[in-house]
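Let's take a walk through this fold, starting with a helix and moving on to the aromatic rings and the surface.

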Amino acid sequence: MLLYFDLGLLPAIASALGIALMFVLSMYIWPQTFDRNHPTCVKQRIVSALLVTLISPLSLTLLGSLSSNPDHNLLSWTGFRDPLSAIIPLTLTIILFLGPLFQCYTIGENILADYDTYSDILLIRNLVVAPITEEIVFRGCLTPVLFNTLGWTKTVLLQPLFFGVAHLHHGCQRLIKGEPVSNVFATILLQTAFTSLFGAYSTLVFLTTGSVFGPIICHAFCNSMGFPSFDTIPDSPRPVLTTVFYIVGLVGFVTLTPLLLNCGRFSGSLYCTMG
């Protein structure tokens with residue numbers, strides 16, 4: 001089906017918010033008997049995420065107008081093209097994480113060490129299901145709805161807010177458990193900032209490459225690494241060199257991203273042709 005999305009500001013935001021809420025609320029259709037990391041709860045939420053991931057692209061057919069442009073097919077809008085386009089974004093992400101990677105190397109720690117106590121189902125959720133479902137829904141389905149209304153820059157900056165806010169429900173669960181409000185608030189603030197920053201980068205990758213595969217692979221890599229442990233740098237075996245790797249990684253990422261991640265390299269992106 002050939003579609004074009006030009007909904008206007010309020011309908012576009014409402015549609016994007018509706019898709020985001022559908023993803024989050026689907027996690028709560030099950031009886032809230034277990035902790036979110038309990039295998040039963042994880043399996044239930046995987047089912048919910050997969051169902052919404054199937055429904056969301058289909059919902060775009062109700063939001064778009066018919067188009068005669070052969071490039072305006074649903075697969076192009078949602079980014080199901082060119083898996084090899086993930087190579088450059090993944091390389092840039094690895095550069096950004098040079099510091100944490102060097103930290104793991106110096107202490108002889110596997111980057112998946114934090115998952116040693118996890119069951120297989122948690123590994124599948126965090127490294128496979130979450131990256132695939134969240135990127136298809138939040139990048140592949142929200143971006144087409146917002147892009148023509150917001151334009152390139154505003155989509156990169158504002159679209160990730162839906163992604164960041166969608167993670168707030170984890171904080172609500174912790175409040176219900178009775179954790180101190182200040183601790184939960186600090187964690188929510190940090191998590192929202194981190195997910196929004198990643199969301200902006202992921203949206204940029206999606207728009208530039210026109211492919212959802214780059215965001216999925218980068219998301220999986222970031223989940224495997226976790227948030228950088230800045231507070232442990234002084235205690236690392238080689239703190240000065242570790243700091244250098246952190247700085248080189250950040251500078252390299254900021255410098256190389258505009259050089260390697262641009263429409264000149266990914267001319268097949270639908271969004272590049274429209275932006």
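**A helix on the inside**

Start with α9: 10 of its 13 residues are buried, so the helix is largely enclosed by the rest of the structure. Buried here means under 20% relative accessible area, exposed means over 50%, and partly exposed is in between (1.4 Å probe, protein chains only). This is a predicted model, so local features need pLDDT of at least 70 and side-chain atom pairs count only at pLDDT 80 or more, while totals for chains, interfaces and linings use all residues. Residues are numbered from 1 along each chain as its sequence is written, and side-chain values use heavy atoms, with hydrogens and water left out.

Among the buried residues of α9 are Pro 215, Ile 216, His 219, Phe 221 and Met 225. The helix covers residues 213-225 and reaches 19 Å from its first C-alpha to its last, close to the expected 18 Å; that expected span is 1.5 Å times one less than the number of residues. Helices (H or I, at least four residues) and strands (E, at least two) are DSSP runs, numbered from the N terminus. Just after α9 comes Gly 226, with a positive phi of about 75°.

Now for the rings. A pair of aromatic rings is described by the distance of the centres and the angle of the planes. Rings of Phe, Tyr and Trp (its six-membered ring) pair if their centres lie within 6.5 Å; planes under 30 degrees apart count as stacked, over 60 as edge-to-face and the rest as tilted. By this rule the count comes to 15 aromatic pairs. One of them is tilted: Phe 102 and Tyr 105, at 6.3 Å centre to centre and 40° between the planes. These two sit three residues apart in helix α5 (residues 98-106), so about one helical turn separates them. Phe 102 is buried at 11% relative accessible area, whereas Tyr 105 is exposed at 66%. Phe 227 and Phe 230, on the other hand, pair edge-to-face, with 5.9 Å between centres and 80° between planes. Both are partly exposed, Phe 227 at 38% and Phe 230 at 46%.

There is also a cluster to look for: Tyr 4, Phe 5, Trp 77, Phe 147, Trp 152, Phe 206 and Tyr 271 form one aromatic group.

Finally, have a look at helix α2 (residues 39-63), where you'll find Leu 51. Leu 51 is partly exposed, with a relative accessible area of 46%.
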